[in-house]
Structures are given as C-alpha cells and as structure tokens.
Amino acid sequence: MNRYVVLQQLGDGTYGSVALAQRRDTGEKVAIKRMKRKYYSWDEAMNLREVKSLKKLNHSNIVKLREVIRENDTLYFVFEYMRGNLYQLIRDAERPFPETVLRNILYQVLQGLAHMHRHGFFHRDLKPENLLCAGPELIKIADLGLAREVRSRPPYTDYVSTRWYRAPEVLLHDTHYGAPIDLWALGCIMAELYTCRPLFPGNSEIDQLYKISAVLGTPSREDWPEGFVLAEALRFRFPASVGVPLGRVVPTASAPALSLLAACLRYPPRERPTAPQALRFPYFAVGAGLVLPPATSRHRRSGTRVEVENFPPPADMTEPLKPQQKSPPAMKDRFADILGGEVVHSGGRMRARGRSVLATLQAPGPGGAGGPGPRPLAAAAPAAPSAAAAYLGASRYVAGARLDTSLFRPLAMHSHRETTVGSGVSRVDWAAKYLR
C-alpha cells in the first residue's frame, strides 16, 4: 500500500470502506476498497465472489479491478476511479434528463448485464448506487460482492438487493431465483430515471409487495402459480388491485420505453426478457427509419489484377451445396409481438419472420427486393456472401435493428486508364503507381 497515497474517504458500507487514492509514480487516481474482515491466507481472499467474478469479467461497462493487496491480514481492492454513481446523478439533476440520454444510460447497463449473464454470473444487487458513472456518457456496473454464478446450486439467500429494487419472487423468499431478478431491478431503475423518484419505495417486505400490487395490479394464479405457492407458504395474500397504467406512473416515457418497462416488470420471472432480448427492443432501435444510401464498391489495385468488392464469384468457381444437417426444433420467441417479428433459432443461426424493425428498409422496390439491381446469377450457383454482408453480420450498427444486406448490390467496375497529354505521349499516373 505504500505505492498509494489516500486523498479522501468516499464511503463506508457493511463489508468495507472506499477511499480515493493516487499512485505515487504515475499520479493515476484509483478507488481502494478496504475490507473490514480479516483474511489470513491468499486462498481465502481469492475465493471471494467479487474477486472470482471480476477476474472473469472484462467489459467496458463493468468496473475494472486493477489489483488485490493483502497487507497485515487486511484485504484491499484497487479499482479504477469513477467520479460518482447514478444515484448522485439523479439527485443532482436540476431537470429530468431527455430520453436520448436515458436511452444511452440503459443501453450501457444492459450491455454490462448481457456480458455478465453470458459468462455465467448475475449481479443480485443492482441499484443506482452500484452503477458508477463519469457523467451520463459512461456507466459501469460495480459492487459485485453479492454476484453469484448461474450454474451454482440453489438455494440462495433471500436477502439480496436493496428492498426497493427487489423482485417479487425474492420478496416471497424464493431460493431458486436467477438472472431475471437483475432485469426487474433494471425496470425499477428505468422508471426512477424518468421520474427522479423510486418506483416502489416500500418500508418493509410486505409494504413492498403492496406497493408493487398497487401499480402493477394483482397477479393471476394462472399466470404465476409459483408466486401463489410462495405466498401461501408465508400466509400472505395479495391485495386486490387493478393497477395503474404505466403511462400515468411514468408520464414522460415514450411508447417504446413503456413497452420495455412493462416487459421488465412482469411477475413471472420466465416472462421477463433476457438482457440480449431487451437490447433488441424498439426502444434502442434509434434511426430505424433512416434510409441507407446504396453501397459504393471500392476496387483494389495490384500489379497483376484489379479486384472489386461485393462482386459474386463466377458460377463455375462456387462449391456444390453440402447436405445440411438436421437442425434442432425451433424455439418460439416470446417477444415477437414487441420486437416486430418472430425470431426462430435453428442450426445456430437466426432468421426473422414477419415484420422487422427496419421494415421500411426491406420493402421491395420496383425491381424486386433490394431495388432495380442487376439480375442474380443462375439459381444452381448461390452467390457467396459479399464483403458488405460479412461486415454487417459481424458488427452491430444499432441495437435491435435487423439490416437487409440485399440493399448492398454489386456495381460494375470502371478500370483505371492512363491519361495522355496533348502531344500524345503517355503520362504516368504517379498516385496510381505508388498506391498499388
């Protein structure tokens, strides 16, 4: 610890205290978390859930653990420093943030959650205080002290996240919950970002359930039988309530925002979207109505040939089709009505049925799908995937959008010709010569 000098205390929690420090050699500012419990061996320290999770999670929206220091049986975590958290950002805001800013915040949180769930962890303590930020432009998930592995065996403890952001199954003391509790917490945070006040500020677990029922209405036994089994075990009876439309609770939210909010705040955990599904909601499909310009092909000059991108190979050079293996049965997408078309997963690839988010871009033109482009090759010789198709398939332009790569059609190449001067003597194009 002699490499750091402590500047000021930032906060004190149940398990440790956090201080702002600075490296003596580089001057870099870091946040050092000092654990209150004593650790008498490195194995004991390395088995902490926060250490195990942060060692495996490396993402731009998850706070980075720089190093772990054990000195005099005291454990220190050195994190990258962020100026504040989302709670402070909401509290200090003079006026509500515009929806474009809120969309950017929620998109970053969902990106971090998707990475975390993909690598087998769920947070269990998602709240505004645990979302560090450097202004609204950069958000990072922090405090993974309660994170658990998805593949770990239940039962889990029923006291996890702060009560206001706790899912109803956790309030009913379910010990077999999973990653959907993070999506419930995200829905509560989303409503708080729009209204600058908590959505369900309960004083106790019973009061929390009453406040949830007052807004969302009483759940039906047919939709959530597991919840009624848990309630009967606690001798709890859901209050009779018809609920309030979310448009009245969050009046400044748009229709796509209310659609995402309603999906995250569903009683049955199996009906809540996963983090990747939430990223595909129309709420994040910014610019879906924009018309893309036609792709321009670029030619490559070499000493022996001229190549044109996006141009399909001749029919005699394509390989014959291989017999396809039998694909597993397709899974139905529960959010097809919201996402604008059913997405069927089969054979490891994803294809859309129905109307996609970019339906305006996929409408067939006068010359068929993709406009009046050149006629395709023979039916027996399928065209190889173009460079534009391969690029768009590997990159993510807009979350939630499906691009139709048939818009990118091959264009004829105009080969380079040397110019001549008035005397008729050939003139060397030096730019073309040295760029070969």
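A: Contact here means heavy atoms within 4.5 Å. Keep that cut-off in mind when elements are said to pack. The model is predicted.

First, the setting. The protein has 436 residues, and 41% of them are buried. Its secondary structure comes to 15 helices and 14 strands. Take the contacts between residues at least 6 apart in sequence: 64% of these join residues at least 24 apart.

Now the sheet. It is open and has 5 strands, in the order E1-E2-E3-E5-E4. The pairing is antiparallel. E1 and E4 are the edge strands, and each pairs on one side only. On average, neighbouring strands are turned by 25 degrees against each other, with direction ignored.

Strand E1 covers residues 4-12 and is joined to E2 by 7 bridges. These two strands run antiparallel. Gln8 stands opposite Leu20 in E2. The hairpin linking E1 to E2 passes through 3 residues.

Strand E2 spans residues 16-23. It is mostly covered, with 6 of its 8 residues buried. On to E3: E2 and E3 also run antiparallel, joined by 7 bridges. Here Gly16 stands opposite Met35 in E3. The hairpin of E2 and E3 has 5 residues between the strands. In that hairpin, Gly27 takes a positive phi near 80 degrees.

Ile69 stands opposite Tyr76 in E5.

Next comes the helix. Helix H2 (residues 49-56) lies across E3, E4 and E5. H2 runs at about 30 degrees to E5. Its buried residues are Glu50, Val51, Ser53 and Leu54. What do they pack against? Three of the partners are strands of this sheet: E3 (29-38), E4 (65-71) and E5 (74-80). Helix H1 (42-46) and strand E7 (121-122) are partners too.

Now the neighbouring part for the layout. Another open sheet has 3 strands, in the order E6-E8-E9, with antiparallel pairing. Its edge strands are E6 (84-85) and E9 (139-141), each pairing on one side only. E6 and E8 (residues 131-133) pair over 2 bridges in the antiparallel sense. The bridge partner of Gly84 in E8 is Cys133. Helix H4 packs on this sheet and touches E8 and E9. The direction of H4 makes about 30 degrees with that of E9.

H4 (residues 99-118) also packs with helix H6 (residues 180-195). Two packed helices are described by the angle between their axes and the distance between the axes. For H4 and H6 the angle is about 165 degrees, and the axes are 11 Å apart. An angle over 145 degrees counts as roughly antiparallel. H4 and H6 are therefore roughly antiparallel to each other. Their crossing is right-handed.

Which residues make this contact? H4 contributes Glu99, Leu102, Ile105, Leu106, Val109, Leu110, Leu113 and His117. H6 contributes Asp182, Leu183, Leu186, Met190, Leu193 and Tyr194. By class, the contact holds 11 nonpolar, 1 polar and 2 charged residues.

Terms used: Residues numbered from 1 in each chain as written. Predicted model: local features only at pLDDT ≥ 70, side-chain atom pairs only at ≥ 80, totals over all residues. Heavy atoms only, no water. Axes fitted to C-alpha atoms, helices over the stretch in contact; angles between N-to-C directions. Helix = DSSP H or I, 4+ residues; strand = E, 2+ residues; numbered from the N terminus. Parallel < 35°, antiparallel > 145°, perpendicular 65-115°, else oblique. Left-handed = near helix turned anticlockwise from the far one by under 90°. Nonpolar A, V, L, I, M, F, W, Y, C, P; charged D, E, K, R; others polar. Buried < 20%, exposed > 50% of the residue type's maximum accessible area, 1.4 Å probe, protein only. Pairing = 2+ DSSP bridges.
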